[in-house]
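Visitor: Please take one part of this structure and go through it closely. I would like to see how that part is packed, and then what lies around it.

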Amino acid sequence: MSAGTPKYATAPDLPGILSVPKQRGRIAGFIYRHPTIAVGGFLVAIMLLIAVFAPYLGTKDPTALAPARRTREPSVLYWFGTDMLGRDVYSRVLYGSRVSLLVGFSVAFCASVLGTIIGVVSGFVRQIDAVIMRIMDGLMSIPPILLAIALMALTRASVQNVIVAISIAEFPRVSRLVRGVVLSLREQPYVEAAIASGTRVPVIIWKHILPNTLAPLMVQATFICASAMITEATLSFIGAGTPPIIPSWGNIMAEGRALWQVKPYIVFFPAIFLSITVLAVNLLGDGLRDALDPRLAKRL
Amino acid sequence: MIADPPLLEVNALKKHFPIYGGFLGQITAKVYAVDGVTFTIKRGETLSLVGESGCGKSTVGKSVLRLFKLTEGEVYLNGERIDNMPAHRLRMMRQRVQVVFQDPFSSLNPRMKVRDILAEPLVNFGLVHGRKDLTEKVEALMDKVGLPRDAINRFPHEFSGGQRQRIGIARALAPGADLIICDEAVSALDVSVKAQIINLLADLQDELGLALLFISHDLATVEHLTHRVAVMYLGKIVELADRRTLFADPHHPYTRALLSAVPVPDPLAKRQRIILKGDVPSPINPPSGCRFHTRCPFTSDRCRSEEPILRPVGDGHLSACHLD
């Protein structure tokens, strides 16, 4: 090519028919695309902050009795009022969030880990698959709350025991989900290619199967988290859960139940906190489900 | 011929898949996916396995890969019997046979980077020493299949179908195999990309002396890169010949029907199309005698009762038909 002015035909400028797409910042764009994750995540984050910083949010000792000031209506001094033993409901509700979140997240974690192990074993070892799954079916046929009550009746009331009992009631669902995903993943050509490449089975599970079960597992974990919080509150409400000495939302509601018609605020405030938290976690789960895998949205 | 033993020898291979049913999950029927297939592949040779979908071509490929246990038959690779090999020896044998799958989307783990995908076989067979060596070897593989080196840290979804298939080919080349099974490796690609990938495979074969078992349903594709062709119908090979013979002088009626269905890029060309009637019979309950008799235009009573064996009809040309 000799040096010279290249003869390009330049395209004329396009007329401004198309509107310029709106530029959004990264955070604004994320909120726009996944509003449910944003709202759910925001509320869960607030609940976490409340639980962590409960002592610094103008609370008093949630277990301090003050018979002289019992059943006070909500006021500037007692934001959510006081219960029939004069304890500050605001402080009790804020401290109660610790129990709920601890139970919710612990159960989600324990049930996911246990369910994943059993699901992977069941999906890979076909000889024992049927036996394991029938046991899981058996566990799933008992309503989780009843199973948790039965397990709590066998043990002493404590937060650990509540976590264990609800985890046992919830993990069969995870194992079933994971088994299904494993069964479909192990037929994938990339798994066959890995076998042909001489990859050992444990490595195949670790590198090819588990990373691809993560998305449905996370979605399932959020739903378990929400359901565990409700179960915990239910157990506490009927006196089979967290010991009464520890303020939990279920305990506060159980104690306020007798006074429901005259002093409804004692039940109202823990109930509204429980509802908002469960709603937030479920919103987060819904959002994750849609964001992580559109096909999964139809399946779950 | 004795001086040049085949790289792969498949002898009377059978693979039947059980169908479970009933209350206790007992075996109620069997799918006769592959029912007695015999062939050999020499070093550096391409054998194509063609046939309709469901005729068992892929099952033959997976049997050679030992992705499952065989029902019957023998498979020899480099003179070593691999169909009954114990698991620990099988793992090292896998270095010699690799596979490229049809679907470039599901054959790559969506959560692994190109580097990790290509590193997997290298690490498994102990072919690399240290991280630097690994990167060099991975990059060399990418060069070989025509992928840009800067793609090393990308995920499969960032590539087009043709590029993904190149990744799949690079993975198959990684362990330095003697035989690569291309299971419909170009069927999912569009025409121009298909040509590129076929040329790539042909170049690699020349360069590395690879043998290919090329599984395809498309005779037009096969014609470009194969040395010999085996035509399968319902789990059996019905005709086997070198490319020239098979395309010029097909013996088996099924092969003739298949060839007449290949489109010719000439609108004025007069062709006699042999239209087969009916569907492929079910491999669960294959027809008696010659399996093709239900659709063959030349069926006789003998075809219905007696199963034809694959026998020579010319130099290196085998056909399984009573009429020959």
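Guide: Buried here means under 20% relative accessible area, exposed means over 50%, and partly exposed lies in between (1.4 Å probe, protein chains only). Strands (E, at least two residues) and helices (H or I, at least four) are DSSP runs, numbered from the N terminus. This is a predicted model, where local features need pLDDT of at least 70, side-chain atom pairs count only at pLDDT 80 or more, and totals for chains, interfaces and linings use all residues. Residues are numbered from 1 along each chain as its sequence is written, chains are lettered from A and ligands numbered from 1 in the order in which they are written, and side-chain values use heavy atoms, with hydrogens and water left out.

Look at the two faces. In a regular strand the side chains alternate between the two faces of the sheet. B:Arg228, B:Ala230 and B:Met232 point one way from strand 9 of chain B. B:Val229, B:Val231 and B:Tyr233 point the other way. All of them are buried.

Now the neighbours. Two strands pair if DSSP finds at least two bridges between them. Strand 3 of chain B (residues 46-50) runs parallel to strand 9 of chain B, joined by 4 bridges. Here B:Ser48 has B:Val229 as its bridge partner. Strand 10 of chain B (residues 236-242) runs antiparallel to strand 9 of chain B, with 6 bridges. B:Tyr233 is partnered by B:Lys236 in strand 10 of chain B. Strands 9 and 10 of chain B form a hairpin with 2 residues between them. B:Leu234, in the turn, has a positive phi of about 45°.

A second sheet in chain B is open. Its 4 strands follow the order 2-1-4-5, with antiparallel pairing. Strand 2 (26-41) and strand 5 (80-81) of chain B stand at the edges with a single partner strand each, so one side of each has no neighbour in the sheet. Strand 1 (residues 8-21) and strand 4 (residues 72-77) of chain B are joined by 5 bridges. B:Asn11 has B:Glu74 as its bridge partner in strand 4 of chain B.

Next, a helix residue. B:Glu223 lies in helix 7 of chain B (residues 219-225). B:Glu223 is partly exposed, at 37% relative accessibility. Leaving out residues up to four places away in sequence, B:Glu223 touches B:Arg243 and B:Phe247. Contact means heavy atoms within 4.5 Å.

Chain B also meets chain A. The contact takes 21 residues from chain B and 17 residues from chain A. The two chains bury about 1700 Å² between them, 53% of it on carbon and sulfur atoms. Buried area is the accessible area (1.4 Å probe) that two parts lose on being put together, summed over both. B:Arg91, B:Arg111 and B:Glu120 supply 30% of the area that chain B buries against chain A, more than any other three residues. There is 1 salt bridge between the chains. A salt bridge is a side-chain nitrogen of Lys or Arg within 4 Å of a carboxyl oxygen of Asp or Glu. A:Glu192 forms a salt bridge with B:Lys62, with the closest N and O atoms 3.3 Å apart. Helix 1 (57-65), strand 6 (97-100) and helix 3 (114-124) of chain B each supply at least two residues of the side that touches chain A.
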